Structure formats: structure tokens, C-alpha cells
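Subject: Structure for you to look at

Hello,

Here is the structure I said I would pass on. Please open it beside this message and follow along.

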Amino acid sequence: MGTLPMQATYHDLLTSVARRAAAYLDGIGTRRVAPDAAAVHDLDQLTGQLPGEAADPWELLETLDRIGSPATVATAGGRYFGFVIGGALPSAVAAACLADAWGQNASLRVMSPVSVALEDAALAWVRDLFRLPGNCGGALVTGATMANFTGLAAARHDLLARAGWDVENDGLSGAPPLTVVVGDEVHVSVIKALGLLGLGRKHAIRVPVDGQGRMRPDALPALDRHTLLCIQAGNVNTGAFDPAREICQRAREAGAWVHVDGAFGLWAAASPSYMHLTDGFELADSWATDAHKWPNAGYDCGISLVRKASALREAMAVGAAYLAPGELREPSHYSPDMSRRARGVELWAALRSLGRRGVAELIERTCGFAQRFAEGLREAGYEVLNEVVINQVLVSFGSAEATRSVIQQLQREGTCWCGGTEWQGRAAMRISVSSWATTSEDVEASIAAIRRIAG
Ligand SMILES: Cc1ncc(COP(=O)(O)O)c(C=O)c1O
């Protein structure tokens, strides 16, 4: 409302929104997880043509909360087990609010010293947790899809530069061929990234996998200095890890580039109890992961790390007279975007609020809950299709129709939310325990709801 002094508007509006946000989060444990149909239907009230006149900010906020909040999915609560969706730690939510008030552009240091300092610090912590070299290049991006894209762009740069080709300047037309190798259970985001990079969605050689989706090293094709090999830490369905040490050693001998999609699985490296699963991944050349999944930094926060920082920089940096180059790392020289939100603030806050022990404890607690889901559903006579190595559980309730029907009924019933998938020809419910907010009461209530519906 233009008649109010700006400071009063900010103060009152932000105080009021803080109360609303807190009330939303305070109530999340007692509401249904998926919104009901009426709440979704009411969203029509927020759409339509843009009115000519300005809205009153309090009315706007009241409407947004009244209509928008009930139409959210309660992913911030403890009983959401769909996809691989983490919550956001309280310190990360609070830091994000402050960062929104700062309104910083984290493209260049000169635009926001604090955003870049926190991004640098958080990237160093992540490298350290993953036991990667301190001089790796890194970028914060929107998610693992863009982190895969970013790492693969660095790989494309380096593999073609070895063949005397400058892909950024000369494009791909007439470029020497690259061989791309992926596991048969590659995540679709890697395929998407290969398509965006002009390497083709269909051209990768697919290596057969075992019953958990792990790449079989005995089935690898010949590798050479022009090969881009994509492996995975944490299959989206089973949570399984490719045997990285053997694969990376073979790739190193051949001079191939190894890229790791570790969207969530790489975080197992932070736990003394689970770090053995990530053995050998440190030998790769580039890594993609997410902080909005297991570390619960909130959306959106993907992380790209590249052993040869210069390859990432050469793939991403552009110059212009008004963009001062400077001596230090400039985020936009290492990432696909130029203007970008200061997502390093939330990442810094999430990791700092947990500390090294807290990250390990979060990994261990959620993996323990996944084990409990498997045990509780096995006890009731249902089949767990995967070896539960980390936080992912696949359950069959008999026929494909029976399994799909349990998933649908559970989503409608609202106690918790689990999605569906198909695992090596069998329909399954996916249970992904990724949130800091999940408690053992949430897990027991969810097991009881699944058993009630399936029984
Ligand atoms: C293994 C793997 N890679 C990549 C992605 C894509 O992540 P994002 O949705 O953050 O881009 C996911 C998402 O679940 C994943 O599980």
C-alpha cells in the first residue's frame, strides 16, 4: 500500500509473515500430508488475469496463507517419504528468510561479499565431508540435474580439448567423437544433461547392472582418453552404489573421465558407519550432489564439484568489460548461470547448524528409519525388493495392481506420502527417508497406516 512509509511496511509485513510461517510449520505434524481436493480447487482464486489495481500487502499475504498454505504438500513435516525430498532445517529456513531480505545476487564477489564467502565456506565443508581434494572447482546450482549438467560440461570441455577441440567456441559440429558410458540404471537427469550438452540422450553405451542396479565392472566396454563414464552413488530406487574403486581405477588407467551422480548417496561419506559405501568415489573427476535432499538445506541447492577446477572454469566463464575478473573465485565463472540466488547462505546455515557430527547423525538416523520401515513391512508379510543399504526402501504388496492400489489409497488417506516406481519389472512402493523432521513416532504411525491400508 503506497500510503505507508516503506520501513513500516517492511517491519509489519515481515513480522506478520514470520508469525504465519511459524504457525504453518507448527501445525505441519497434525495436518494431512497431501492437500485435499478442495484445497487444490481453491487455488483457482489465486489465478486468472492480472488485475489493474495494486493489492493491499496484508490482504495479499492473508489470501496467500489462507489459500496457498492448505494446498502445499507437507514436505516440511516428518511423514513425507516421496521421491528423495528432504525438509529444511530450522536454521536453514531462518537463514533463507534473512537472505531473502538481503536480496543478494551471488554472481560476483563485488555484488555480495557475504554470499560468496558463505558459498566458498560451504563448498569447502562439502569437499571435506566427501574427502575430495581441497582445490576442486565447485558451483552451487539449482539441483542435481544442473550439477550433472555442470560436471558433464567440464568433462566435455576437457575430453575435447585433449583432442585439440575448443567446444565452447567452436561448438560440436565437426568435433571429434566422445564415447559416453552409463550404467543401465542411470538416473534420467544424467540423460537429460547429456542431451542438453549435445552429447545425445540416446548415444550412451549402457552397461548392464546387477539386481540392485549397480554397474557391473566385468561388463564395462573398452575405455580410453575420449570416454566419459558416468557412475552413481545412490540409486534413486534401491540406494545402491556402483563399485567405484574398481571402475575408477580402470578408468584412470585408460585416461577416461569419471563423473559421479551422487545426488543423495554421496552424503553417506559423512557418516563413519556408512562411508564404506562411498569408497573409491573420491577417485572420480567430477561429482554432482544435492543439499536439498539429505542434508536438508531446503530448496533449491545442487552442488557441482570438479577435480580439475580449470576445466570447469573454462567451460563456464565468460568475460565482458563490465564484469571485473578479480583474483579470487567468482561463482558465476564456475556455474551455468550468471545472476543467481545466494543459496550458499542456506547451505552454510544447514551444515553449520548440524556440525560434522550432526550431518553423520542425520544420515544414520534416517537410514535406521529405513531399516525400521523394511522390518515393519516384512513382519506384516510384504516383500522388500531391495537390500536396504541407506535410506531407500522398495516394497511390493503382491501384484502390480495391489501395489499401485495401496500407494493410491495411502496418498489419499493422508497419514504419510509414499510414491510408486517399477523396479526391474516389478511395481513397488518407494519409501525414501530423507527429512531431519522425521521421528520414530512418524515412522511407526506411517508403518501402521500402510499395514492398515494393505491389510
Ligand atoms: C540419483 C539422482 N540423480 C539426480 C537427481 C535429480 O535431482 P534434482 O531433482 O535435484 O535435479 C535425483 C533426484 O531424485 C537422483 O535421485
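The lining of the second largest pocket comprises 7 nonpolar, 5 polar and 3 charged residues. In this sorting, Ala, Val, Leu, Ile, Met, Phe, Trp, Tyr, Cys and Pro are nonpolar, Asp, Glu, Lys and Arg are charged, and the others, Gly among them, are polar. The volume of this second largest pocket is about 390 Å³. Its lining has 15 residues, and those nearest the centre are Gln 45, Leu 46, Pro 51, Ala 55 and Leu 60. A pocket is an open set of points on a 1 Å grid over the protein atoms alone, where a 1.4 Å probe fits, with protein on both sides within 12 Å along at least five of seven lines; lining residues have an atom within 4 Å of a point. Grid points are joined across faces, edges and corners, and the volume is the space filled by probe spheres set on the points.

Before going on, note that this is a predicted model: local features need pLDDT of at least 70, side-chain atom pairs count only at pLDDT 80 or more, and totals for chains, interfaces and linings use all residues. Residues are numbered from 1 along each chain as its sequence is written, and side-chain values use heavy atoms, with hydrogens and water left out.

The largest pocket has a volume of about 910 Å³. It is lined by 31 residues, with Ala 21, Tyr 24, Leu 25, Val 93 and Cys 97 closest to its centre. Two elements, α1 (6-26) and α4, each give two or more residues to this lining. Helix α4 gives the most, 8 residues. Helices here are DSSP runs (H or I, at least four residues), as are strands (E, at least two), numbered from the N terminus. By class, the lining of the largest pocket has 21 nonpolar, 7 polar and 3 charged residues.

Next, the charged pairs. How many salt bridges does a search of the whole structure find? The search finds 27, where a salt bridge is a side-chain nitrogen of Lys or Arg within 4 Å of a carboxyl oxygen of Asp or Glu.

One of them joins Arg 109 to Asp 120, with the closest N and O atoms 2.8 Å apart. Arg 109 sits in the loop between α4 (90-102) and α5 (113-129) and Asp 120 in helix α5, so the pair ties together parts 11 residues apart in sequence. Asp 120 also forms a salt bridge with Arg 329 (2.7 Å, N to O). Arg 329 is in the loop between α10 (309-316) and α11 (343-379), so this pair ties together parts that are 209 residues apart in sequence. Asp 120 counts as partly exposed because its relative accessibility is 24%, while Arg 329, at 18%, counts as buried. The cut-offs are under 20% relative accessible area for buried, over 50% for exposed, and in between for partly exposed (1.4 Å probe, protein chains only).

Another salt bridge pairs Asp 158 with Lys 308, the closest N and O atoms being 2.7 Å apart. Asp 158 is in helix α6 (residues 144-162) and Lys 308 in the loop between β7 and α10, 150 residues apart. Asp 158 is buried at 8% relative accessibility, whereas Lys 308 is partly exposed at 41%.

Regards
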